[in-house]
Every structure is written in C-alpha cells, then in structure tokens.
Amino acid sequence: MSFASITTEEKRRVLGEFTEVKAEFASRGWFAGTGGNLSMRIGSYSQDDFFFAVTASGKDKTRSTPEDFLFVDQDGKPCEATTLKPSAETSLHREIYRLTGAGAIFHIHSVFNNIVSEWFWDRRAVPIEGVELIKAFNIWEEDARIDVPILTNYADVPRIVPEITERLDPRVPGLLIRKHGICAWGKDAFEAKKHLEAFEFLFEYVYRLELLKNRA
Ligand SMILES: CSC[C@@H](O)[C@@H](O)C(=O)COP(=O)(O)O
Ligand SMILES: [Zn+2]
C-alpha cells in the first residue's frame, strides 16, 4: 500500500477523531509536563506495511495546534515532508502495531500507573483479580485474573522494544513501563480509550486496596 493512496477524507477523519481524544485526555490531566503520546493507524494493514498518525515530540499536548500530529510508516519515518519530529516513543507504537494489528495506541503517565509499576516491580507484572472492569478487555470468565506486564524503563527507548516482543500478552491490551506510564491499545480509538480508562481504574483500585491491606 502507498501512503498516496490514502484519501484526504480518510486523513481528515483520523485527525478529527485524534484531536477529540487528545483534548479529552488533556482535560483529565493525562499529559502533565508534555508526557504522553497517542497514535492512530490509517489505511490498510499488514504486519510489515502500515501507516499511523502520531503526536509530534515534545509538544504541549493540552493545546490544539496544526502541528500536533504527523503521519509515519511502519519504520517510524515521516510519510510527508515535515519539520515535526515523531514522538520519542514511536518505536514502542510501531512494535505494538506489528504484534497486534491494533487501530490505536494511547500512552499516558499517571500517578497511579507509576506507583503500581514500582510496587509490583519485583513480580514484573501487576496482578488484578476478580474485578468487574476486567470485562472491559473482553475477558468474561468468572473471577478472571490478569497480569499487566511491567517493562524496564530504559532511557534509550528502542531498548524497551524487545521486552514488548517478549512480554506482550494477547489477552491484555496494555503494557506498563516502570515508573513511567502505560501503553494501551484497541482495534480503534473507541476501544483503546475504553481499555485505557479501565486500566487506570484498576490501577487506582489495586493501589487503594494495597494501602488498606497494609493498614489492617
Ligand atoms: C517529558 S515526558 C518524558 C518523555 O520522554 C516521554 O516519556 C513522553 O511520554 C513524551 O515524549 P514525546 O516525545 O513528546 O512523545
Ligand atoms: Zn512517556
């Protein structure tokens, strides 16, 4: 597939949806200090041939400007002439698209996701058991348990990629990076947002439950 074959209408549709999600996440305080990045796939998909819109690096993501996003290919290379730099964490998005064929990936930093990633670092996963909201991940069994993987937060971001390849659990649409944040994904922006909201709820639940247990 060539990027030129993607219609202007399709690009407008993706960027419109993208702008809405970004504004909503900003209103929740999910982009503190320019942290966080978002991407949405566009056009058809095969594992080694796809395109996605990604937030430009280092921007204040609480603002809406004509320079918020750019389109990149499966190698993270811009598809059009631009002075914008793709997110410093584009390599993480690329690998998640490659492994899952997802339609959207949202990365945010929150106090709760940072705390649980440190609290459970010795297990390299956050265990969550029997909570109703696990069903948001399309897991319906009674008292289901999931383990959300925690990856090493290497300063050299591409070094995180092999841990994604190794640790990604196809049942669990999210990965934590230690004392950094979460990447959550879904087949489209609606589902990726649903998953991200569910993870953030569950992390707050786990955090508060651990506090209560430790107090008892
Ligand atoms: C100042 S936040 C730290 C960043 O290095 C990073 O973790 C982040 O989420 C945003 O990076 P960006 O390159 O703007 O997408
Ligand atoms: Zn980050």
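This is a predicted model: local features need pLDDT of at least 70, side-chain atom pairs count only at pLDDT 80 or more; totals for chains, interfaces and linings use all residues.
Me: Which residues coordinate the zinc ion (ligand 2)?
Reply: Glu-89 (OE), His-107 (NE2), His-109 (NE2) and His-180 (NE2) do, at 2.1 to 2.7 Å. Donors are N, O and S atoms within 2.8 Å of the metal (3.2 Å for Na, K and Ca), and sites may look incomplete because water is not among the atoms.

Me: How are the donor residues spaced in sequence?
Reply: The spacing is E-x17-H-x1-H-x70-H. His-107 in strand β4 (residues 104-108) and His-180 in the loop between β7 (174-177) and β8 (181-186) are 73 residues apart, and this pair links distant parts of the chain. Strands (E, at least two residues) and helices (H or I, at least four) are DSSP runs, numbered from the N terminus.

Me: Why is the arrangement around the zinc ion octahedral?
Reply: The 6 donor atoms subtend angles of 73 to 168 degrees, which makes it octahedral. Six donors count as octahedral if opposite donors are over 155 degrees apart and all others between 65 and 115.

Me: Are His-107 and His-180 buried or exposed?
Reply: Both His-107 and His-180 are buried. Buried means under 20% relative accessible area, exposed over 50%, and partly exposed in between (1.4 Å probe, protein chains only).

Me: And how many residues of β8 are buried?
Reply: 6 of the 6 are, so β8 is largely enclosed by the rest of the structure. Gly-181, Cys-183 and Trp-185 point one way from the strand, and Ile-182, Ala-184 and Gly-186 point the other way.

Me: In which sense does β8 pair with β4, and over how many bridges?
Reply: The pairing of β4 and β8 is antiparallel, over 5 bridges; Ile-108 has Ile-182 as its bridge partner in β8. Two strands pair if DSSP finds at least two bridges between them.

Me: What about β7 and β8?
Reply: β7 and β8 also run antiparallel, joined by 4 bridges. Their hairpin has 3 residues between the strands, and Lys-179 takes a positive phi near 50 degrees there.

Me: What is the strand order of the open sheet?
Reply: The 8 strands are ordered β3-β2-β1-β4-β8-β7-β6-β5, with mixed pairing. The edge strands β3 (69-73) and β5 (125-129) each pair on one side only.

Me: Switching to helices, how do α1 and α5 pack?
Reply: Helix α1 (residues 8-27) and helix α5 (residues 189-215) pack at an angle of about 15 degrees, with axes 11 Å apart. Axes are lines fitted to C-alpha atoms, for helices over the stretch in contact, and angles run from 0 to 180 degrees between N-to-C directions. α1 and α5 are therefore roughly parallel.

Me: And α3 with α5?
Reply: The axes of helix α3 (residues 111-119) and α5 come within 9 Å and cross at roughly 55 degrees. The two are therefore oblique to each other. Angles under 35 degrees count as roughly parallel, over 145 as roughly antiparallel, 65 to 115 as roughly perpendicular and the rest as oblique.

Definitions and conventions: Residues are numbered from 1 along each chain as its sequence is written. Chains are lettered from A and ligands numbered from 1 in the order in which they are written. Side-chain values use heavy atoms; hydrogens and water are left out. Four donors count as tetrahedral if all angles lie between 85 and 135 degrees; four count as square planar and six as octahedral if opposite donors are over 155 degrees apart and all others between 65 and 115; anything else is irregular.
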